[in-house]
Amino acid sequence: MRHITTNTSPATGLRGIGDTSWQPHGVCHGMDPEDADATFFPLPRDHEAIADAKELCALCPVRRDCLNYALENQLKEGIWGGLTEAERRPWHDGLPRRLDYSRVVAFFNGRDVHLTDAERQVVIDHAYVCGWRPDRLAPALQISTKHARDLLRQAANKVFDRDRALGVPRRKNITKKKTMVARRTRPATVPPATQQPLTRPATPTPAHAPVGKAA
């Protein structure tokens, strides 16, 4: 089952839900709070302060995690991940449509990453192709089994509509065909014959044989 990373976990390429282990690895970590506010929350037209903040962000090894943190938590003020408020606005607006396949791969590898709507749909489609059952998809997406069944059914209908539009022939049920052929070629079983008990033929008594015990 997927896990939620803790604050003491080492920094990785992808964040998990509730994962702030990337913060101690930031260049800004350990700065005085007042200096940090003045550096990363400058006035919109203070171009010199903005340039200084971007220079620090350019050297940060967890700049991507910082940007994702701001996007996923709707932090629209200040400089995060080296981007200003105005530069991050398109990212905030298009966040539900963001599709990062590395995050999808991380989900299937067990990471509890933040999935956008587009990434979530890719997970559902791939789960259907891989033959996932609703009782497996439900805990992975933290939804009910009935909801997971409906999502897999929608994915199946989408694949069917796509194949029909492209003229792809439907795959025959090979297993059912093999079963029918086996039934046709199977020899009829003959019930075992009922065995009758063996009886000895009675020996006829000679006419001249003595009667009684006397010989």
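**Figure 1. P24 in the segment before α1 of the predicted model.** At 45% relative accessibility, P24 counts as partly exposed, because that class runs between 20% and 50%. The model shown here and in the other views is predicted. P24 belongs to the segment that precedes α1.

**Figure 2. The whole protein as a row of helices.** The protein has 9 helices and 0 strands. Read from the N terminus, its elements follow the order α-α-α-α-α-α-α-α-α. Of the 215 residues in the protein, 29% are buried. The accessible surface comes to about 16000 Å², and carbon and sulfur atoms hold 56% of that surface. Contacts can also be sorted by how far apart the partners are in sequence. Among contacts between residues at least 6 apart in sequence, 45% join residues at least 24 apart.

**Figure 3. The largest pocket and its lining.** The space in the largest pocket is about 450 Å³. Its lining is made of 24 residues. Those nearest the centre of the pocket are C28, H29, F40, C66 and W80. Three helices, α1 (33-40), α2 (47-58) and α3 (63-72), each give at least two residues to the lining. The largest share comes from α1, with 4 residues. Sorted by class, the lining holds 15 nonpolar, 6 polar and 3 charged residues.

**Figure 4. Helix α3 and the residues it buries.** In α3, 7 of the 10 residues are buried, so this helix is largely enclosed by the rest of the structure. The buried residues are D65, C66, L67, N68, A70, L71 and E72. They pack against α4 and α5. One of them, C66, is also among the residues nearest the centre of the largest pocket. Just after α3 comes Q74, which takes a positive phi of about 55 degrees.

**Figure 5. G81 in the loop between α3 and α4.** G81 lies in the loop that runs from α3 to α4 (85-93). With a relative accessibility of 10%, G81 counts as buried, because the cut-off for that class is under 20%. Apart from its neighbours within four places in sequence, G81 is in contact with R63, C66 and L67.

**Figure 6. Aromatic rings, with a close-up of F108 and W132.** The whole structure contains 4 aromatic pairs. The ring centres of F108 and W132 are 5.5 Å apart and the ring planes stand at 75 degrees, so this pair is edge-to-face. The pair links distant parts of the chain, as F108 and W132 are 24 residues apart. F108 sits in helix α5 (residues 101-108), while W132 sits in the loop between α6 (117-129) and α7 (134-141). F108 counts as partly exposed at 27% relative accessibility, whereas W132 is buried with a relative accessible area of 14%. Elsewhere, W22, Y69 and W80 form one aromatic cluster. W80 is also listed among the residues nearest the centre of the largest pocket.

Figure 7. L141 is part of helix α7. Its relative accessibility is 9%, so L141 counts as buried. V123 lies 18 residues from L141 along the chain, and the C-alpha atoms of the two are separated by 9.2 Å. Q142 lies in the loop between α7 and α8 (145-166). Q142 is exposed, because its relative accessible area of 59% is over the 50% cut-off. The phi of Q142 is positive, at about 60 degrees, although Q142 is not a glycine.

Key:
Residues numbered from 1 in each chain as written. Predicted model: local features only at pLDDT ≥ 70, side-chain atom pairs only at ≥ 80, totals over all residues. Heavy atoms only, no water. 1 Å grid on protein atoms, 1.4 Å probe; cavity = no way out; pocket = protein on both sides within 12 Å on 5 of 7 lines; lining within 4 Å. Points joined across faces, edges and corners; volume = space filled by probe spheres on them. Nonpolar A, V, L, I, M, F, W, Y, C, P; charged D, E, K, R; others polar. Phe/Tyr/Trp six-rings, centres within 6.5 Å; stacked < 30°, edge-to-face > 60°. Buried < 20%, exposed > 50% of the residue type's maximum accessible area, 1.4 Å probe, protein only. Contact = heavy atoms within 4.5 Å. Areas by Shrake-Rupley, 256 points an atom, 1.4 Å probe, with all protein chains shown as cover.
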